[in-house]
Structures are given as C-alpha cells and as structure tokens.
Amino acid sequence: MSYSSKLKDDQVDKLFEAILQLEDQEECYRFFEDLCTINEIKSLAQRLEVAIMLRQKYTYHEIAKKTGASTATISRVNRSLVYGADGYNRVLDKLCGKSEQ
C-alpha cells in the first residue's frame, strides 16, 4: 500500500532525499546543525523520547518530569502514536530491533 502525505511537494521531497543520503551519526549532526536551530533539534529529540516512553507505558507525569515536555506535547505525540501516519511506530520498531512485518 502506498502512503499519500499531506506534506508532499518538491521541496519536501528534496529534503527527505537529502536526509536519506546521510550515512552515519556524524553526517546527521553536521547536516542538522546547519539545517535547524539547536532548539528545533532538541524539540525533535524530545518528541522522540516522549514517544519511546509512551510506548513503554510511562505516565504523562513521569514523562514530563524526565523529558521536560509539556503535557500538550506529550498528548500530541500520543495522538500521533495512536492515530498518526505510523511514522513513530515504524521508527521505534526499527530502533528496538523488531523486524518489519
């Protein structure tokens, strides 16, 4: 089944193609430090950590305390985990070493 994103356009395609060219963590650091502000990178990293903790069944309070994320951010990430495009779940499965189905 093919996925049709609401974000899809030529500029976003180029961005994702560029990201797919990155070969290791150092290249990621170099590219994202040039592309994003420190706060943008930290926010993305925080959301990923929130998603990990939600999948591990931590409470909102525990997640907020450990990550510093607001309950609004935690709720938004949870909504994406449950009703989103399955992006978090696919990445988290890969990070956890689970094979794709």
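I started at Thr73, which sits in helix 5. I count residues from 1 along each chain as its sequence is written. The model is predicted, so local features need pLDDT of at least 70, side-chain atom pairs count only at pLDDT 80 or more, totals for chains, interfaces and linings use all residues, and side-chain values use heavy atoms, with hydrogens and water left out.

**Thr73**

Is Thr73 buried or exposed? I noted it as buried, because its relative accessibility is 12% (buried is under 20% relative accessible area, exposed over 50%, partly exposed in between, with a 1.4 Å probe and protein chains only). I then looked up its contacts (heavy atoms within 4.5 Å). Beyond its neighbours within four places in sequence, Thr73 touches Gln46 and Arg47.

**Whole protein**

The order from the N terminus is α-α-α-α-α-α. The C-alpha atoms fill a box of roughly 40 × 35 × 30 Å along the principal axes. The protein has 101 residues, and 16% of them count as buried. I also checked contacts between residues at least 6 apart in sequence: 37% of these join residues at least 24 apart.

**Core**

Which residues make up the largest nonpolar core? I listed 10: Val50, Ala51, Met53, Leu54, Ile63, Ala69, Ile74, Val77, Leu81 and Leu92 (such a core is a set of buried Ala, Val, Leu, Ile, Met, Phe, Trp, Tyr and Cys residues joined through side-chain atoms within 4.5 Å). Helix 3 and helix 5 are the elements that give two or more residues to this core. Helix 3 gives the largest share, 4 residues. Leaving aside neighbours within four places in sequence, Ile63 contacts Val50, Met53, Leu54, Tyr58, Gly68 and Ile74.

**Pocket lining**

I turned to the largest pocket, lined by 39 residues (on a 1 Å grid over the protein atoms alone, a pocket is an open set of points where a 1.4 Å probe fits, with protein on both sides within 12 Å along at least five of seven lines; lining residues have an atom within 4 Å of a point). Phe16, Leu44, Gly87, Tyr88 and Val91 lie nearest the pocket centre. Helix 1 (10-20), helix 2 (25-35), helix 3 (38-55), helix 5 (71-83) and helix 6 (87-95) each supply at least two lining residues.
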